[in-house]
Amino acid sequence: MEVRVRRTTLRLLTTFRSSRLAYDSTDTCIATIGHGGVAGQGEGTPAWAHGETLEEVIEAVAAEGAKVLGPDLSDPDEVLDRVAEWAAPVGARMALDGAVHDWLGRRAGQPTWRLFGLSRTLAQPTGYTIGIASVAETLEVVANAPDVGAFKMKVRSAEDLERLAAVRAVTSRPIRIDANEAWSFETARDLTPRLRDLDIQLIEQPFPTDAVDTYRRYRDLPGRLPVFLDEGCTDVASVHAARGLADGVVVKLAKSGGVRATRRVMEAARRLGLSVMLSCNCESELALSQAALLAPLADRIDIDSQFLLRDPPFRGLGLDQGRIVLGDAPGLGVVPGPEDPPIPDAGPGPAAES
């Protein structure tokens, strides 16, 4: 088994701002595995909100990746279970899990989504995330946005009501908001009537993750909006905790550790009657294609970072009436962009094994 990993920088078209941070680029890593003359690639994004660094992710893949995968991929389910249970940074598990899923499709000579029995066009329309900006800048983003099914707007305080009202005045599409833990109970209480007047669909992570009592207080507030946990939901255990605090959960490969681990989180949420939103960090189309394999388990989809990137390292995803269209290339369906190296040849079978 051959395993390689490299760092890559994703540059954004403009600076993106939330209540927590602002950035115009982010780093991720690409893991390449080779076995039996077939190569596969997966993307791994550090769980920034939980203190992971890209250096830790890369080091784990380089040092332990081949051992975790084992000598061959003859039993992919066993391999993927081993990756999901690997005591490593989440981003490292995400990268190896993605590479195995890509390898499976490439070995079969067809897109991995077809092996999963998925439709090429996802059933749910995707949302599109808008960072914190001025009213004029926000309206310009909306005017130039792709034909998506909903907008998700980052917010931080009552000052954002003007932006929300301006967007509502020019679109009837659903609007979701994401406070990234910035609110107090008093902020949520005072804003909720105005948000209802603007027909805001839901709030992501309004309060800090550990503000359990605040979530319970808001849950008892008459006329409240639905709440989805993002930073506060990473694994199956946190899904069970979310049941008494929220109406739904936001799942990401970069929080749970790849397709296999995230599937377990989504299945647990559905068993508990929680709504599920499949989302992403700032990632390339390679990672988004990994996440899209889980689309049938999602009630809402927020796969949109491909629209934010300048010179994306992978291409293949499309958009049809707000719905993501998956790539039809073998494996995860994407191909390297013109600025990036092609997927390396794994070489003949025996030479690729160790």
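Predicted model: local features only at pLDDT ≥ 70, side-chain atom pairs only at ≥ 80, totals over all residues.
The chain contains 13 helices and 16 strands. Its radius of gyration is 20 Å, close to the 20 Å that the globule rule gives for 354 residues, so the chain is as compact as a globular protein of that length. Buried residues account for 58% of the 354 residues, and of the contacts that link residues at least 6 apart in sequence, 68% join residues at least 24 apart.

In soluble globular proteins, nonpolar side chains tend to be buried together. In this model the largest nonpolar core holds 78 residues, and the members that touch the most others are Leu-164, Ile-177, Trp-183, Leu-195 and Tyr-218. For Leu-195, once residues up to four places away in sequence are set aside, the residues touched are Leu-161, Leu-164, Ile-177, Trp-183, Ile-200 and Leu-225. Another core, of 26 residues, lies apart from the largest one and includes Ile-58, Trp-86, Ala-95 and Leu-104.

Helix H6, which covers residues 161-170, packs with helix H5, residues 135-143, at an angle of about 35°, and the axes of the two helices are 9 Å apart. The crossing of this pair is right-handed. On the H5 side the contact is formed by Val-135, Thr-138, Leu-139 and Val-142, which meet Glu-162, Arg-163, Ala-166, Val-167 and Val-170 on the H6 side. By class, six of the residues in this contact are nonpolar, one is polar and two are charged. The buried residues of H6 are Leu-161, Arg-163, Leu-164, Ala-166, Val-167 and Arg-168. Besides H5, the elements against which these buried residues pack are the strands S4 (127-130), S5 (150-154), S6 (175-178) and S7 (200-204), together with helix H7 (185-197).

Because its relative accessible area is 0%, Gln-205 is buried.

Thr-262 belongs to helix H11, residues 259-271, and counts as buried because its relative accessibility is 0%. Leaving aside neighbours within four places in sequence, Thr-262 is in contact with Val-251, Lys-252, Leu-253, Ser-256, Gly-257 and Leu-294. Val-325 is placed in strand S15, residues 323-325, and its relative accessibility of 16% lies under the 20% limit, so Val-325 also counts as buried. When residues up to four places away in sequence are not counted, Val-325 touches Arg-120, Thr-121, Gly-316, Leu-317, Gly-318, Leu-319 and Asp-320. Between Val-325 and Met-153 there are 172 residues of separation in sequence, and their C-alpha atoms are 23 Å apart in space.

Notes: Residues numbered from 1 in each chain as written. Heavy atoms only, no water. Axes fitted to C-alpha atoms, helices over the stretch in contact; angles between N-to-C directions. Helix = DSSP H or I, 4+ residues; strand = E, 2+ residues; numbered from the N terminus. Left-handed = near helix turned anticlockwise from the far one by under 90°. Contact = heavy atoms within 4.5 Å. Nonpolar A, V, L, I, M, F, W, Y, C, P; charged D, E, K, R; others polar. Core = buried A, V, L, I, M, F, W, Y, C linked by side-chain atoms within 4.5 Å. Buried < 20%, exposed > 50% of the residue type's maximum accessible area, 1.4 Å probe, protein only. Rg over C-alpha atoms; globule rule 2.2 N^0.38 Å.
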